[in-house]
Amino acid sequence: LHLHTLYSLLDGAIRMKDLIKTVSGMQMPAVAVTDHGNMFGTIDFYKKAKDANIKPIIGTEAYVAPKGRKDRSERAAHHLVLLAENAEGYSNLRYLASVAYTEGHYYNPRIDKEVLREHSKGIFAASACLGGEIPQAILRGNLDKARESIREYAGIFDPGHFFLEIQPNGMAEQIKVNDALKQLSRDTGVGLLATNDCHYVAREHARAQEILMAISSGKTLSDENRLRHEVAEFYIKSPQEMRDAF
């Protein structure tokens with residue numbers, strides 16, 4: 001439910017044909033694609049999934065601008081996973097992805113809570129990776145802010161349509177966030193969603209994705225300060241691996 005293909009430009013390393021082959025081999029009945037800030041791969045994904053009798057869940061990982069999509073005072077934007085539930089949700093996702101480019105683009109295509117509130121029908125949402133607003137508040141030690149943000153997002157979407165996303169990547173920060181999210185789920189009644197934030201097909205492909213990230217940030221592989229993932233866990237895990245992790 002949180003997965004990046006090559007259409008997450010210079011970040012995702014999953015080719016669409018490899019995605020479908022892999023999830024089919026694992027006997028998964030459905031899979032989502034949530035590329036960063038765009039829906040470029042939607043038609044390609046839909047056709048290939050349907051041909052393989054796999055249910056395609058159409059989504060995107062949006063960038064949410066804290067001060068509004070038209071603000072240019074800061075580059076920061078929080079991640080938020082959005083998944084279409086039905087035709088209305090798909091229509092709203094398309095609108096949000098377009099507005100992100102036409103009105104909100106500043107380093108990344110961005111939306112904000114205002115436009116999200118107006119176009120939230122038919123959409124499931126999740127708090128995303130460590131780059132999400134709620135995980136960021138947790139990492140700053142501000143659980144009151146995290147709780148406030150959870151209630152705000154839960155109010156934006158229909159009841160039962162917003163989830164707190166826990167991931168099994170083993171990173172110290174992620175373990176801290178997972179633990180806090182489990183408690184916050186109990187406090188707020190907002191459900192948990194286990195994902196793996198997939199960026200490549202198999203564990204051994206982590207190096208290829210690392211190279212993409214280096215190209216994206218204009219760094220060489222010898223640069224110790226370049227952007228990279230600390231672990232090689234962002235691959236398409238089997239249902240059994242996910243069960244074992246949690």
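Cys198 is buried, at a relative accessible area of 8% (buried means under 20% relative accessible area, exposed over 50%, partly exposed in between, with a 1.4 Å probe and protein chains only). The model is predicted, so local features need pLDDT of at least 70 and side-chain atom pairs count only at pLDDT 80 or more, while totals for chains, interfaces and linings use all residues. Residues are numbered from 1 along each chain as its sequence is written, and side-chain values use heavy atoms, with hydrogens and water left out.

The closest cysteine sulfur to that of Cys198 belongs to Cys129, 13 Å away, which is too far for a bond. Cys129 also counts as buried, because its relative accessibility is 13%. Across the whole structure, a search finds zero disulfides (pairs of cysteine sulfur atoms within 2.5 Å). Cys129 accordingly is in no disulfide.

His161 sits in the loop between α6 (143-156) and β6 (162-166); helices (H or I, at least four residues) and strands (E, at least two) are DSSP runs, numbered from the N terminus. His161 counts as buried because its relative accessibility is 12%. Leaving aside residues up to four places away in sequence, His161 touches Glu85, Ile123, Phe124 and Ala125, where contact means heavy atoms within 4.5 Å. A polar atom of the His161 side chain lies 3.0 Å from the backbone oxygen of Pro159.

Two loop residues have a backbone feature to check. Gln27, in the loop between α1 (16-25) and β1 (30-36), has a positive phi of about 60° although it is not a glycine. Gln27 is exposed, with a relative accessible area of 72%. Tyr107, in the loop between α3 (87-102) and β4 (110-111), is not a glycine either, yet has a positive phi of about 70°.

Conventions:
Polar contact = N/O pair within 3.5 Å; in protein donor to acceptor, adjacent residues only side chain to side chain.
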